[in-house]
Amino acid sequence: MKKYTLSTPVSALSGVGAAREKQLAKLGIFTLRDLIYFFPRAYERRGDVKRLSDLQFEGQESVILTVASEVKSAQLRRGLTISKLRAFDESGACEIVFFNTPFVKDVFHTGAEFRFYGKASVSGRRIQLTNPKYEPIIPGRELEAMVPVYPLTDGISSKFIDKITKIAIDEVITEITDPLPDSIRIKNSLPVLSYALKNLHFPENEDALKKSLTRLAFDEMFIFGLGISVSSQHKKRLIGVPFAPCDLSAVTSLLPYELTDSQKNAVNDVYRDTVFKDKNGNVSPMARIIVGDVGSGKTVCAILAMYIAVKSGYQAALMAPTEILARQHFFEVDSLLSRLGIKTELLLGSTTQKEKKRIYSALESGDVDIVIGTHALISDKVDFKNLGLVITDEQHRFGVRQRATLKDKSRTAHLLVMSATPIPRTLALTMYGDLDVSRITEMPKGRMRVDTFVVDESYRDRLLSFIEKQVLSGGQCYVVCPAIEADEEDRELYAPTSISLTAFDKANNIKLKNTLEYAENLRQKLPNLRIGCLHGKIKSAEKDEVMHKFSGGEIDVLVSTTVIEVGVNVPNASLMIVENADRFGLSQLHQLRGRVGRGERKSYCVLVSDLNTDKARARLEIMRTTYDGYEISERDLILRGPGDFFASVSDDSMRQSGGFEFKMAKLCDDSELFSAAFSAAKETVESDPDLTLAEHELIRKEVIQHLNPTLSTIS
Ligand code: ADP
Ligand code: MG
């Protein structure tokens, strides 16, 4: 019998005792399989050896040097010893310094050769390496070119993981069966799974590593694509409530404006989905998202959809992420549709019990046609007489689960989602899962452009007087900061892109602006202004109150985190300031900018950033010169790679529903790969809708394992 299998516990390995076993468990490693699937978070390119004279003094660099002197150690003060030696290569010499590692005197002896990897600095012509990692050059033994760095927990070193992973791979890698059908693998020039897994841990060279990462990223996208394709195939076989043909001009003639072509297209899509019958005389439940820039007029599309539902004898529900938005929608819908005899109610968490009861029974009896509200709508107590249409606004604020819960109130109801996040076409499928997409690509006529400026800290004083000027002339101002309070940890707003080995940027030591200090500072500097503060730690009732005051003009300047991102409408706001603007995704900046310029007032957006890298400047320059959300998202995609989008999809879906996690895909910088994986998935499902063929057995298992919590369509 074989000694090890994939499911052998790690404790069976020599060197893994009870303590180590516990530490490994913390990293989610219990078996040899877990170990193989525990990937490095980065690689040190130690094989990229430079001559001393070619050092760049940037990041970590690798040199091969001969030791020129014995180590000299000195105690500088209590608890601080310094050890120094000199070493050279054919291009020059340098000093190597170690702190608090006196034992190095037994490691380095004159004449020995080592590979050093670490941070080099230069002052004058003296080169210094500080605390480098070192490996002796031993004839006949090759050093690794790429050394993996593992995510660590206390007590476990990268070296140790390296050691036991090597055993796991040597012993059991052959047991791993490749779920991907050969035809798909070959068509996409991908290596076999065992090769990829092995090379992720012990890359033969950079090319092998890249191929391996690509393979694993492909797998994730492919499995996700399969889940989506299976789920939408499945939906097409369901039967939804058929809506009746009706004349929409009854509503449009009441509008003070003409719909844009984009709006008309979106409404036509909805009409076709819900009214037109297929060849069997059925209508499948609509699952559609309308994506349109902030201010592009999605609400009226939703109103028309609700009108179709009500005219067909069904009820409609619209769920918004905040009470403010729900109220806003309610007034817009009711003022229009009440004129056509349609009855709309508003249901919020804060609605009184008595009022709630009245609304519940009116919904059940069918006395109410439309209900608009917040999460309160998904309460068990809400029952409909005949719910035909569910609409959710700003999907990012809802989990897939919550949307599903509202939708569960009627299995046959149609679903319409509205989102203002412009996603590049190539990625729409991932972001929106199994929804069909309608895009609103034009803005209503006569919108004024929000002039955008990019400035640094040296503009601080001018910025203050600009705020004051806006307020004194009757406007209002938003300030967005990345952090809530002073010592908040410097969390990444977007993950570093692409393992493609370039992007393990060191954190740039720029202090983040935080809402609390910022608001306090403004109160001191501009004592005549009324300053409000809003962030995620504030209770939602209080949040709504602050927003309410701001929209009512009782607050002049609102300092907040990105909680205001979602579609609030304060037409009087004329200035948006975003601090540490480089920390935000471009689409997010675009969303924030869309909060101003909604009324008569000439409006401005000021992006403050002190990060002076080419990339940061290039990104903010896009914001300064581009006003079209899609163009911004496409250009952001080119600059950032699709990895960030995967990161945000998986963060969202993980947070919200324990959904799918893109571990590798979020590191991928290749959009083509993404399209290839999705077409492969689509073709696979077209040929085998339930993945029941023998060759699909393994991928079917993976889909069930990874996706059923979110999509739940195969069993
Ligand atoms: P969003 O897409 O961000 O939800 P809204 O639906 O709130 O945008 O619309 C923004 C504003 O534009 C509203 O005041 C709405 O009345 C107005 N609007 C919508 N469509 C048009 C149009 N075709 N022409 C002029 N104004 C429009
Ligand atoms: Mg909106």
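Guide: A residue is called buried when its relative accessible area is under 20%, and exposed when that value is over 50%. In this predicted model, buried residues make up 52% of the 715 residues in the protein chain.

Visitor: What makes C301 count as buried?

Guide: The relative accessibility of C301 is 2%, and the limit for a buried residue is under 20%, so C301 counts as buried. C477, with a relative accessible area of 0%, is buried by the reasoning that applies under that cut-off.

Visitor: How many disulfides does a search of the whole structure find?

Guide: The search finds zero disulfides.

Visitor: Why are α8 and α9 called roughly parallel to each other?

Guide: Helix α8, residues 261–275, and helix α9, residues 298–311, pack at an angle of about 25°, with their axes 10 Å apart. Angles under 35 degrees count as roughly parallel, and therefore these two helices are described as roughly parallel to each other. The crossing in which α8 passes α9 is right-handed.

Visitor: Which residues make the contact between α8 and α9?

Guide: From α8 come Q263, A266, V267, V270, Y271 and V275, while α9 brings V300, C301, L304, A305 and I308. The residues of this contact divide into 10 nonpolar, one polar and no charged.

Visitor: What is said about the phi of F57, and where is the place of F57?

Guide: Most residues other than glycine have a negative phi. F57 is not a glycine, and yet its phi is positive, at about 60°; its place is in the loop between β2 (49–50) and β3 (60–67).

Visitor: How many helices and strands does the protein chain have?

Guide: The protein chain has 22 helices and 22 strands. Among its contacts with a separation of 6 or more, 73% are accounted for by residues 24 or more positions apart.

Definitions and conventions
Residues are numbered from 1 along each chain as its sequence is written. Chains are lettered from A and ligands numbered from 1 in the order in which they are written. This is a predicted model: local features need pLDDT of at least 70, side-chain atom pairs count only at pLDDT 80 or more; totals for chains, interfaces and linings use all residues. Side-chain values use heavy atoms; hydrogens and water are left out. A disulfide is a pair of cysteine sulfur atoms within 2.5 Å. Buried means under 20% relative accessible area, exposed over 50%, partly exposed in between (1.4 Å probe, protein chains only). Axes are lines fitted to C-alpha atoms, for helices over the stretch in contact, and angles run from 0 to 180 degrees between N-to-C directions. Helices (H or I, at least four residues) and strands (E, at least two) are DSSP runs, numbered from the N terminus. Angles under 35 degrees count as roughly parallel, over 145 as roughly antiparallel, 65 to 115 as roughly perpendicular and the rest as oblique. A crossing is left-handed if the near helix is turned anticlockwise from the far one by less than a right angle, and right-handed if clockwise. Contact means heavy atoms within 4.5 Å. Ala, Val, Leu, Ile, Met, Phe, Trp, Tyr, Cys and Pro count as nonpolar, Asp, Glu, Lys and Arg as charged, and the others, Gly among them, as polar.
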